[in-house]
Amino acid sequence: MPEFEDTDNWLLVAQAGLAVPVSTHWAVGLSGRYTLDNTPAAGLEKDDLAVLATLSYSLKGFTPEAAAGR
């Protein structure tokens, strides 16, 4: 995401994750997010790595039929 006035000021965010159903309505997930700021604020690091854990609930359920939109 570069800035229009200053192309040396940019931010890169990359995220990847995986969610796994553990029952009909519940799923757990784990993902990682890497952020790189070319011009960080004073005293801050240029890069950051976050590990995220999620717990999801679906009213329709995590069945193959629900995922296909049936």
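A contact is defined here as heavy atoms within 4.5 Å. In the protein, residues 24 or more positions apart account for 39% of the contacts with a separation of 6 or more. The structure is a predicted model, in which local features need pLDDT of at least 70 and side-chain atom pairs count only at pLDDT 80 or more, while totals for chains, interfaces and linings use all residues. Residues are numbered from 1 along each chain as its sequence is written, and side-chain values use heavy atoms, with hydrogens and water left out.

The protein contains one helix and three strands, where helices (H or I, at least four residues) and strands (E, at least two) are DSSP runs numbered from the N terminus. Along the sequence these elements follow the pattern β-β-β-α. Two strands are said to pair if DSSP finds at least two bridges between them. Strand 1 and strand 2 run antiparallel and are joined by eleven bridges; Leu11 has Asp37 in strand 2 as its bridge partner.

Accessible areas come from the Shrake-Rupley method with a 1.4 Å probe, and for residues only the protein chains shown count as cover. A residue is buried under 20% relative accessible area, exposed over 50%, and partly exposed in between. Of the 70 residues, 9% count as buried.

A nonpolar patch on the surface is formed by Leu18, Val20, Val22, Trp26, Val28, Leu55, Tyr57 and Leu59, with about 850 Å² of accessible area together. Strand 1 (11–21), strand 2 (26–37) and strand 3 (47–57) each give two or more residues to this patch. Val22 lies in the loop between strand 1 and strand 2 and is exposed, with a relative accessible area of 56%.

Ser58, in the loop between strand 3 and helix 1 (64–67), is buried because its relative accessible area is 18%. A polar atom of the Ser58 side chain lies 3.0 Å from the backbone nitrogen of Gly61.

Key: Patch = residues over 30% accessible without salt bridge, like charges linked within 9 Å, V, L, I, M, F, W, Y side chains within 5 Å. Salt bridge = Lys/Arg side-chain N within 4 Å of Asp/Glu carboxyl O. Buried < 20%, exposed > 50% of the residue type's maximum accessible area, 1.4 Å probe, protein only. Polar contact = N/O pair within 3.5 Å; in protein donor to acceptor, adjacent residues only side chain to side chain.
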